[in-house]
Amino acid sequence: MDNKLASANKVISGTWGEVWLGGDYVGECYGMSAKVAYNKEDVALCGRMVTDKKITSIACTGKLSLYKVNSRMANKITKNAMNGIDSRFTVVSKLSDPDSYGCERVVLTDVSFDDLTLAEWEAGQVGKVEAPFTFGDYYFQDTIEAR
């Protein structure tokens, strides 16, 4: 397979991104990120001056960027959290630009939101909310292969 980008039209546009939270489509979502960070420890090796690294754990974090349209996040999180219950969710991210090579869908499981914005607004500005989270696992339901 040739790894050169043949044409800019194959670059995926976030305009075609979609998110589901606990099985519900989240139409007010305008952005999402999910990352896996590798926590590493230094390992000194005999006969080498350079210290190597070993992965000892991973940290999975992300965030949903939402237009303030409804009270979805408050309704999903507040009641349980106030009663000491850490609600967990499944989040599905789908990116499927019709001009690209296909669709990528990643499923995040054991999602726990880190905070809840109760109110944040400013006159003359559209309402936006950031919802940071951690997650326990993930898998790709669909991946994109260049043709």
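# Chatting through a predicted model

Student: Which residues form the nonpolar patch on the surface?
Tutor: In this predicted model, Tyr38, Ile55, Ile58, Tyr138 and Phe140 form that patch, and together they have about 490 Å² of accessible area.

Student: Which elements give two or more residues to the nonpolar patch?
Tutor: Those are strand E4 (52-67) and strand E8 (137-142). Ile58, for instance, lies in strand E4. Ile58 has a relative accessible area of 45%, so Ile58 is partly exposed.

Student: OK, let's go inside. Which residues of the largest nonpolar core touch the most other members?
Tutor: The core has 18 residues, and those touching the most other members are Leu21, Leu64, Met73, Leu108, Val111, Phe113 and Phe133. Strand E1 (17-21), E4, helix H1 (72-82), E5, E6 and strand E7 (128-134) each supply at least two residues of this core.

Student: And which element gives the most to this core?
Tutor: That is E6, with four residues. As a general point, nonpolar side chains tend to be buried together in soluble globular proteins.

Student: What does Leu64 touch, not counting residues up to four places away in sequence?
Tutor: Quite a list: Val19, Cys29, Gly31, Met32, Phe113, Val129, Glu130, Ala131 and Phe133.

Student: Switching to charges, how many salt bridges does the structure hold?
Tutor: There are eight salt bridges. In one of them, the side chains of Lys94 and Glu18 meet at 3.6 Å, N to O. This pair links distant parts of the chain, with Lys94 in strand E5 and Glu18 in strand E1, 76 residues apart. Glu18 is partly exposed, at a relative accessible area of 25%.

Student: What about Lys76, which residue does it form a salt bridge with?
Tutor: Its partner is Asp24, and the closest N and O atoms are 3.3 Å apart.

Student: Is Lys76 buried or partly exposed?
Tutor: Lys76 is partly exposed, because its relative accessible area is 21% and buried means under 20%. Asp24 also counts as partly exposed, at 37% relative accessibility.

Student: Which residues do salt bridges that share partners join into one network?
Tutor: The network is made of Asp86, Arg88 and Asp110. The side chains of Asp86 and Arg88 meet in a salt bridge of 2.6 Å, N to O, while a polar contact of 3.2 Å joins the side chains of Asp110 and Arg88. Asp86 is partly exposed at 44% relative accessibility, and Arg88 is partly exposed at 43%.

Student: Where does Asp110 lie?
Tutor: Asp110 lies in strand E6 (residues 104-113) and counts as partly exposed, at 38% relative accessibility. Beyond its neighbours within four places in sequence, Asp110 is in contact with Arg88, Phe89, Thr134, Phe135 and Gly136.

Student: Last topic: is Ser100 buried or exposed?
Tutor: Ser100 counts as buried, because its relative accessibility is 8% and the cut-off for buried is under 20%. Ser100 lies in the loop between strand E5 (89-95) and E6.

Student: What does the side chain of Ser100 reach at 2.8 Å?
Tutor: The side chain reaches the backbone oxygen of Asp97. A polar atom of the Ser100 side chain also lies 3.0 Å from the backbone oxygen of Gly102. Leaving out residues up to four places away in sequence, Ser100 touches Asn9, Lys10, Ile12 and Arg147.

Terms used:
Residues numbered from 1 in each chain as written. Predicted model: local features only at pLDDT ≥ 70, side-chain atom pairs only at ≥ 80, totals over all residues. Heavy atoms only, no water. Patch = residues over 30% accessible without salt bridge, like charges linked within 9 Å, V, L, I, M, F, W, Y side chains within 5 Å. Areas by Shrake-Rupley, 256 points an atom, 1.4 Å probe, with all protein chains shown as cover. Salt bridge = Lys/Arg side-chain N within 4 Å of Asp/Glu carboxyl O. Buried < 20%, exposed > 50% of the residue type's maximum accessible area, 1.4 Å probe, protein only. Contact = heavy atoms within 4.5 Å. Polar contact = N/O pair within 3.5 Å; in protein donor to acceptor, adjacent residues only side chain to side chain. Core = buried A, V, L, I, M, F, W, Y, C linked by side-chain atoms within 4.5 Å.
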